[in-house]
Amino acid sequence: MPQDDDPTRDSAPDLQILGDKITLQPRSYVETRRPGDSDHDEEALMQNMARFRSEPLRFLREVSLYVSGTGWRAYDNVIGRPIYYSGFSEQMRNSVVSAPLLRTCISELADKRLALEESEGWLRKDDKDYAIKRAHRRAVIESGIRDVAEKMTDDMICKFESKTFIRGAYYLVTQLLTRAYHQGIHVSSEEVLRLRKVAEEAERKKQSIIFLPSHRSHVDYVSMQLICYRLGLALPVVVAGDNLNFPVVGSFLQHAGAMWIRRSFGNDALYTTLVQAYVDTMLQGGYNFECFIEGGRSRTGKLLPPKFGILNFILDSILSGRVNDAIVCPVSTQYDKVIETEGYVTELLGVPKKKENLADFLSGGSSVLSLKLGRVDVRFHEPWSLRKYIDEQLTKLNKPPGTEDLTLKTPENAILRQKLLRTMGYKVLSDINDVSVVMPTALIGTVLLTLRGRGVGRAELLRRIEWLIARVRAKGGRVAHFGNAPLVDVVGRGLEVLGKDLVGEVQGLAEPTYYAVDRFQLSFYRNMTIHLFISEALVSASMYTRVKQGGGPAHQEISYTALREQVLFLSSLFRGEFIFPSEGLEANLEKTLVELENDRVIKLQRCEKGAIYSIGLSDEERLAGRENYDFYCFLIWPFIEASWLAATSLIGLTPPIHQKEEIWIEVTQAQNTAQLLGKTLYHQGDLSYFEAVNRETLKNSYQRFEEEGIIYVVKSKEAKSPPRLSLSPEWRAPRDPDTGALLASGKLWDFIERIASSRREGKNRRDGATVSTRVLKLADLLGAQLFEKASAPESRTDAKLSNEEANKLKKTVKAERRRRKLEGRAHL
């Protein structure tokens, strides 16, 4: 691999954390391979953690070192607030329960309960002992609520109690992790040194570090705890869903740093206030804190849109003044191979997620211990002050800090908080992308899924990976440190980690030839690189509206105006799917076009004033078989296909011609039907990518359609009542008045056709009237089944809106239309 133009050749070395040892791996690190070395000797540090069967004496010695707390294992002189001492949990529980915020909430709830009992005649004002009885009853109610709050607090809080426990836990988890990820955890030495300095300053100021990592695996929080323990940083309290709080494992995780929260709070004012009080207590005390910005694990490989639940609590702590400041540290965690990807695929294909339990945990854990999954790469963005960031945003919004009381519950403050949350959430995601490392497996997956043909020879695979590495670095991305190891060795190891279930090799040919076995699962790794090239992909897909028409080069050129309109349309369509550069459309489009021109992918026609008026493929790109242009198209095509599928499924939500009453459909059932439609169209040849039927992307599309008012969604106050949807009247497809058949016309059909104009067209699929008719019939058939099921007497969901829901919907629709108008952003 050429090294002269490698921007990382002078970068800071990596630290490899494997077992007991931390090893420096500089850019020039070369692993010595001796003749006769087997695969088991590939990583010499694998032997750092002894095994009882092979080395019983060394194993017992290691255990004794951890139990006695020898050297760094003692975990005594940590940077940060003191943790792991007897009485920690009781002290934290008392602090939370005595928090003024929680006490006020308990008092208000007691008053409400007392007022209700009085209205129902339990207390009579004409009773001579009314005042005494009322005071006694209020004390009883308040005491009962306080007992409930104490029980909730004890169940929720993390319990840093015993250093002996955490020493043993570190040893046990490291033993398990290094058997699965045999190359250990890699971090940047420069980032770690910077983080330690920030932690020392935060300790001095009694401030918390809020770690906000990406989330692709359960290993994410394990690796973070291991890094902090090994490097002498105070362990963060990790926000975790109570679905993981099952017997044995739940208690273990709680003592290792987990705080349990419900997946949904509903209208529980006590629980919501309790969480806020706990967050306040931790941030006031300067305890480190960790929550996942995406909420749940990403099943697709790319970052998910930010979830604002816990962020809202943190923001409230700062805006209210209860907490002065905290330090935010975005974290990227990347893997050679993610343990759970096979399970993700089944979930994305519609198989319900199984509830976590001990039996599955033990059987699943034991099945991965013998695997060689490569390494985990953890990168820390430069930490920043949350108070400073909020003040800067308030100034930009013409709300200088201290001029208004942002704790007041007014519509204006609610809008302002949402803006702050949104900008903060997407800033964190952008920071994570900035420090993310592209792993060898992601390079292989990306190349295999962006080439035409059944397979690719080794030489061509290496050539395209080398090109991709150069493009990643040119875009400011990072590629995992390979040392001076030849690219062929790096790719070979990547192929071993992916395994034959994902990438196959055809034997007996003139050269080794590889092909994607499981394209769906491999797309997880391809999606780890797409954020770097999203602008180029949107431009290429927009150009495709002309390129797909064929003809000579001049016929395939597209005007700047037409290109801009399609890029704007696709950007708006994927607003919730990708993180776009913050420069704005015009500046970003101009920059992307110039970069593609410099890379000789496209040629630009400019007028005398230098303005671009026409764009087409360059002669060099045509001679090269459009390979680089196709690369960008292949990245985005599966997402365009998924959006087309989601939009097409909406046609079936047009009410049957004989239906007089308004029928509302369960959101989950509508999405399941969209997935069934996609699977059918794929096997009938009308859908090019099977991954387009994945549940996550379809949900994102439906969410986008709701934001744009294409569909209306009603959520019931009852937690057990599922959300329902209806297609907006102005978006409903027309029907033949005689036959009742759906017609390929109208606003929704034009919207579908616009998405389709950027869809891939190849030997497996052709657009045409026959296809349109077939797709419409199938969508209508499935839609009719939805309406029939929803209106059936045995349906558990109310297919009609109550008067209260109908009135609320009218207000919501009106407010959303006003919001979209004032927002000044592009809309579908």
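The model is predicted.

**Methionine 543**
- Methionine 543 lies in helix H19, which covers residues 534–547.
- Its relative accessibility is 2%, so methionine 543 counts as buried; the cut-off for buried is under 20%.
- Cysteine 633 is 90 residues away along the chain, yet the C-alpha atoms of methionine 543 and cysteine 633 are 9.6 Å apart.

**H24 against H26**
- Two packed helices are described by the angle between their axes and the distance between the axes.
- Helix H24 (residues 627–651) packs on helix H26 (residues 695–707) at an angle of about 60°, and the axes are 9 Å apart.
- H24 and H26 are therefore oblique to each other.
- The crossing of H24 and H26 is right-handed.
- From H24, the contact uses Phe639, Ala642, Ser643, Leu645, Ala646, Ala647, Ser649 and Leu650. From H26, it uses Thr697, Leu698, Ser701, Tyr702 and Phe705.
- Nine residues of this contact are nonpolar, four are polar and none is charged.

**Helix H7**
- Helix H7 (residues 219–230) has 12 residues. It spans 16 Å from first C-alpha to last, close to the 16 Å expected at 1.5 Å a residue.
- H7 is largely enclosed by the rest of the structure, because 11 of its 12 residues are buried.
- Among the buried residues of H7 are Asp220, Arg230, Met224 and Tyr229.

How values were computed: Residues numbered from 1 in each chain as written. Predicted model: local features only at pLDDT ≥ 70, side-chain atom pairs only at ≥ 80, totals over all residues. Heavy atoms only, no water. Axes fitted to C-alpha atoms, helices over the stretch in contact; angles between N-to-C directions. Helix = DSSP H or I, 4+ residues; strand = E, 2+ residues; numbered from the N terminus. Parallel < 35°, antiparallel > 145°, perpendicular 65-115°, else oblique. Left-handed = near helix turned anticlockwise from the far one by under 90°. Contact = heavy atoms within 4.5 Å. Nonpolar A, V, L, I, M, F, W, Y, C, P; charged D, E, K, R; others polar. Buried < 20%, exposed > 50% of the residue type's maximum accessible area, 1.4 Å probe, protein only. Expected span 1.5 Å × (residues − 1).
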